[in-house]
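Let's take a walk through this structure, starting with the whole chain and ending at single residues. Have the viewer open as you read.

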Amino acid sequence: MRIHFREQYGTRGEEIIYVTPAEQKSIVRVPLKSDKLVIHEKFFLYRLFQQIFLPKGYPDSVSDDYASYQIWDTIQAFCSTICGTLCTHAILKGLGVGNENINAYSATVAWILKEGSGHLGRIIFSWWKGAQLDIDSKKWRLRADLLNDLAMGIEIYVLPKHPHLSTQILCGTTVLKAIVGVAGGATRAALTQHHALRGNLADVNSKDCSQETCVNLIASFVGLYLLSAIKTQGVLYGVFSVVVLLHLYANLKAVKAICLRTFNESRYLIALEEFFRSGRMLTPHQVNKLERVTVGQTVSVSLNIRLGLSIKNLVDEYQHSHIVDNIVSSFDPHEHFIIAESKKFLGVYFHFNTIPQDVLKAYFFAVSYLQDRNQIKEKYWDIQTKWQEFYNLAQQEGWVTSQHLLNVDEYRLNWKA
């Protein structure tokens, strides 16, 4: 018997060999039996479901946390749509639908004012917080859904009791929902990029939209059924409260299921604390598990570290040229950063040729400086050795060191002329 080919669809597909049996000329296709879970061709519906709703090549084409995140994200989307259906009913009543004393023109004006408030809210929030959505994508993902629930809660509880203020209330809740749209959409894009291992960003995003559309369709009918079944405001409030609590819980679980491999300030400080304490490097999974996704940080520094500042801050602080020259001379001429302490913060100043690894290194040196103010001058090369050890361990544990999510301003300078 001669074996010509061995074939498998992905890592979970059934293994097939193509052979020519003894004393035959035709090639025969022979499925191999295996102890591991395989997807057989006869499971047509499962394969069809996978092709419609999951990225091509799943699970190999996405990150390990994709499935757990999507399960909880699906639950939260289902709850959110039910809440949205209940709120739509409250909004339409607030606009005067079914009230003979309200004409179409006044309802249209109220609707336009509501939508205009939302557009303005999107612009202002994008300008105000747009740069931070990548840095703390988990927190903003959770905050977005919390704001969305707050807006819907106002529409359910407050709007029916104050119909004469319906336009003002709807303008306010629409602004909140506009913030949700910007924060939720931006952070979803960041998380989709994390999940797409093969550069298949469009495929992962489109399948995520398909999943959400299907869930929203089902949830819409459930919401309609609830509207017809709910007869009193007390029952409506009870149902809404239960669904909102489930929505928030599912969101929290979804965000905690994500394992990001790029350092932001929170994850970086967690990893640095353990390294300085024990010399051990935590894995991305361990750090993400310790990272706070609500408010605050798991680990904090004694003085705020500000990256990419204008040299004007340093000049204004010390003024005399010889003091500034001493600070610059404390660092290796080949370094692309300078660190100097001010009254309210620790400033890090970057060279024009700074790359992402330099930013990570500068932050490492800044945290080392805060542990002992004399380290930069007296133990400079010891810190350099520690940094190289940390950097190598981070790469071994799977951290992405070619980029970062630290908050860095855009000032760059040259002190080597």
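This is a predicted model: local features need pLDDT of at least 70, side-chain atom pairs count only at pLDDT 80 or more; totals for chains, interfaces and linings use all residues.

Residues are numbered from 1 along each chain as its sequence is written, and side-chain values use heavy atoms, with hydrogens and water left out.

The chain has 15 helices and 6 strands (DSSP runs numbered from the N terminus: H or I of at least four residues for helices, E of at least two for strands). Its radius of gyration is 28 Å, well over the 22 Å that the globule rule gives for 417 residues, so the chain is more spread out than a compact globule. That radius is taken over C-alpha atoms, and the rule is 2.2 Å times the number of residues to the power 0.38. Along the principal axes, the C-alpha atoms fill a box of roughly 90 × 80 × 35 Å.

The accessible area of the chain is about 23,100 Å², and carbon and sulfur atoms hold 58% of that (Shrake-Rupley, 1.4 Å probe; for residues, only the protein chains shown count as cover). Of the 417 residues, 44% count as buried, meaning under 20% relative accessible area, with exposed over 50% and partly exposed in between (1.4 Å probe, protein chains only).

Now the rings. The structure holds 26 aromatic pairs: rings of Phe, Tyr and Trp (its six-membered ring) with centres within 6.5 Å, called stacked for planes under 30 degrees apart, edge-to-face over 60 and tilted for the rest. Phe125 and Trp128 make an edge-to-face pair, at 6.4 Å centre to centre and 80 degrees between the planes. Both sit in helix 3 (residues 104-129), and because they are 3 residues apart, about one helical turn separates them. Phe125 is buried at 3% relative accessibility, whereas Trp128 is exposed at 56%. Elsewhere, ring pairs link a cluster whose members include Phe263, Tyr268, Tyr363, Trp387 and Trp399.

Back in helix 3 you'll also find Ala107, partly exposed with a relative accessible area of 22%. Ala107 and Gly94 are 13 residues apart in sequence, with 9.4 Å between their C-alpha atoms.
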